[in-house]
Protein chains: 2
Amino acid sequence: MNKWICSLGEDALIDAIARRHSAPHRRLIKGMGDDASVTVQHGGRALLATTDILIEGVHFKKGSTTPYLLGRKSLSVSLSDIAAMGGSPAFHLVSLAMPPRTPKAFVDGLYEGISGCAGEFGSCLAGGNTARLPERIMISTTVFGEMPMDEVVYRSGARPGDVIYVTGALGASALGLLALKTGRARAMSGPYKDAVLKHLDPAPRLAAGRTLARKRLATAMMDISDGLGIDLKRLCEASRVGAEVEIDRIPVPESLMRHASRQGVSAASFAVAGGEDYELLFTASARNAAAIERVSAGLGLGMTAIGRIVAKGKAHAPVFMDGRGARVKMERLGFEHF
Amino acid sequence: MNKWICSLGEDALIDAIARRHSAPHRRLIKGMGDDASVTVQHGGRALLATTDILIEGVHFKKGSTTPYLLGRKSLSVSLSDIAAMGGSPAFHLVSLAMPPRTPKAFVDGLYEGISGCAGEFGSCLAGGNTARLPERIMISTTVFGEMPMDEVVYRSGARPGDVIYVTGALGASALGLLALKTGRARAMSGPYKDAVLKHLDPAPRLAAGRTLARKRLATAMMDISDGLGIDLKRLCEASRVGAEVEIDRIPVPESLMRHASRQGVSAASFAVAGGEDYELLFTASARNAAAIERVSAGLGLGMTAIGRIVAKGKAHAPVFMDGRGARVKMERLGFEHF
């Protein structure tokens, strides 16, 4: 029988989540079930904290994903922020607001996804909250990460002459979102299924971020959540520099190349403005190119030089260029939330 | 001119908040404006973390409060959880989801309230997030607190024979909520204005919680957010004990006494089931009665013995009794979220 959350009650719901998903952990003294979670601090180390919100109809459609994949993604987007500082995740809090007639099975699937993702990347559920939201489901995740203080990589460290890199390939998530308009079942078995999975279950680049930070190879780093165009602009603003990007160098997945040539559209526009790829964008001194290549090969994750940091011109917005050095005007730079 | 959030854009909004509300702090290395906040950990100390959600139409009505008071309350409810462990607040994250046509002035007022409250109680804005939510405003706060590990007071420490205490008086918030049905302006200047202010701007009992923890006077502690009845039941469940409460001993404010006698209703039902008082509920050994009286006098905050912890009977639900020891059946024990 399919139970609704309103027939279960809040305490029974939280108990059920705590029993199933609150695993013991050496430094977690108290997880769910008290006024606050209690963990032990590591003296001198950096504590990272980041929070994200996923809202039904805004960030996801229930019919386009599964509760399990949605749970994974809701944690992954915050883990990606920890990766972007160069840290390791430690604990997370999950708040869930939803209509009273939300099936218990939905909440179960969601937390299975969160736990699955947490187990893979080494985070531990430490608490959270539930509330009633009449129209929509909203998931808010807060992740605490850690790392040595002197290894933290900020957005603000890019210097003129630095090379701009991205991990993996860009534009798959936007292509996946487009493919999902044909329906989930069809999209997940169709020609763009890799892109669909990348959209629904992006992998936070924790190993890459941690390695680049530990080896002090990245001068600035962030994750690409809203689009390369808008996110690189943010990095440039924080570093008070400008950027030149060669659009032909931006790595795009094979499925996006196919889609672009079939439909006669620009693959670069997906890669620059698409957003939600959760790849890392970082800058590095040109003399570290060989070291970055070794890290890339060691992790089996592409790290591609796409351009160069330049002195700030009139504005921080990156300049995009074609293979002959001619400036290309991009219509959109990424996703605007309001 | 009244600006809307959608005409401002997300980056400009976050910049404006960061410029005005992100104060420097010795241990806050990076607050807003990067992928995650960065703070320094204190070796061996407990890190407390708690998160709360306030949703328009569910937890508050825009017409019944002001943006400033709403900002204060959204932080206070999480600070109250830190108080309930015996800790001191350190940092907070604020996430805000709202319709695109939310006036910029609303967001400004909200953050002024959050900052005012944070300044009073010693917390520091470390980051957050914004998102679009078409129908309603939602505020999610996460607070980190700290304290010596061996002083943390859990819900689970109550033992048979312990005395049950509450700080302040109960039922004011529920009376204030009732009074607000006549309209905010009228309610805030009417005969129940104290109760209205307690509902709109509850004070987290941080000094009381910290002192009781430091002096090791409380065996178990939590804050009263959903109602004495339901919250004491939670404390009993966590401690695997039962409780007997003398309803005539529950401290209620003078305004609630007046309302009860005028309307011929039971003041105790407000005090037991009302919720949102954000007073502390704690248990203590009977031999510490004089020490607790001294703490109470020193802080100028009432700490009233209302009953006793007993061995667990058939259930953990507290038993309420009148002055002659006869059992009183309470119709409601508190607020159920679903």
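Q: Which residue of β3(B) is the bridge partner of V40(A)?
A: The partner of V40(A) in β3(B) is A46(B). This is a predicted model, in which local features need pLDDT of at least 70, side-chain atom pairs count only at pLDDT 80 or more, and totals for chains, interfaces and linings use all residues. Residues are numbered from 1 along each chain as its sequence is written, chains are lettered from A and ligands numbered from 1 in the order in which they are written, and side-chain values use heavy atoms, with hydrogens and water left out.

Q: How many bridges join β3 of chain A to β2 of chain B?
A: Four bridges join them, and the two strands run antiparallel. In β2(B), A46(A) has V40(B) as its bridge partner.

Q: What is the order of the six strands in the open sheet?
A: The order is β5(A)-β4(A)-β6(A)-β3(A)-β2(B)-β1(B), with mixed pairing.

Q: Why is one side of β5 of chain A and of β1 of chain B left without a neighbour in the sheet?
A: β5 (124-132) of chain A and β1 (28-30) of chain B stand at the edges, each with a single partner strand, so one side of each has no neighbour there. Neighbouring strands of this sheet are turned by 20° against each other on average, direction ignored.

Q: What lies across β4 and β5 of chain A?
A: Helix α2 (residues 10-21) of chain A does, running at about 160° to β5(A). Axes are lines fitted to C-alpha atoms, for helices over the stretch in contact, and angles run from 0 to 180 degrees between N-to-C directions.

Q: How many residues of chain A are in contact with chain B?
A: 67 residues of chain A are in contact with 68 residues of chain B. Contact means heavy atoms within 4.5 Å.

Q: What is the area buried between chain A and chain B?
A: It is about 5,700 Å², and carbon and sulfur atoms give 57% of that. Buried area is the accessible area (1.4 Å probe) that two parts lose on being put together, summed over both. In chain A, D35(A), Q41(A) and F338(A) lose the most area to chain B, together 17% of what that side buries.

Q: Why is the meeting of D34(B) and R155(A) called a salt bridge?
A: A salt bridge needs a side-chain nitrogen of Lys or Arg within 4 Å of a carboxyl oxygen of Asp or Glu. The side chains of D34(B) and R155(A) meet at 3.7 Å, N to O, so the pair qualifies. The count between chain A and chain B is ten salt bridges. β3(A) gives nine residues, the largest share of the side of chain A that touches chain B.

Q: How many salt bridges are found over all chains?
A: The search finds 44. One joins E112(A) to R20(A), with the closest N and O atoms 2.4 Å apart. That pair links distant parts of the chain: E112(A) is in helix α4 (residues 104-121) and R20(A) in helix α2 of chain A, 92 residues apart.

Q: What is the order of the seven strands in the open sheet of chain A?
A: The order is β8-β10-β7-β11-β9-β12-β13, with mixed pairing. β8 (220-223) and β13 (327-328) of chain A are the edge strands, each pairing on one side only.

Q: Where is E276(A)?
A: E276(A) is in the loop between α11 (267-273) and β10 of chain A. E276(A) and S225(A) are 51 residues apart in sequence and 4.4 Å apart in space, C-alpha to C-alpha.

Methods. Pairing = 2+ DSSP bridges.
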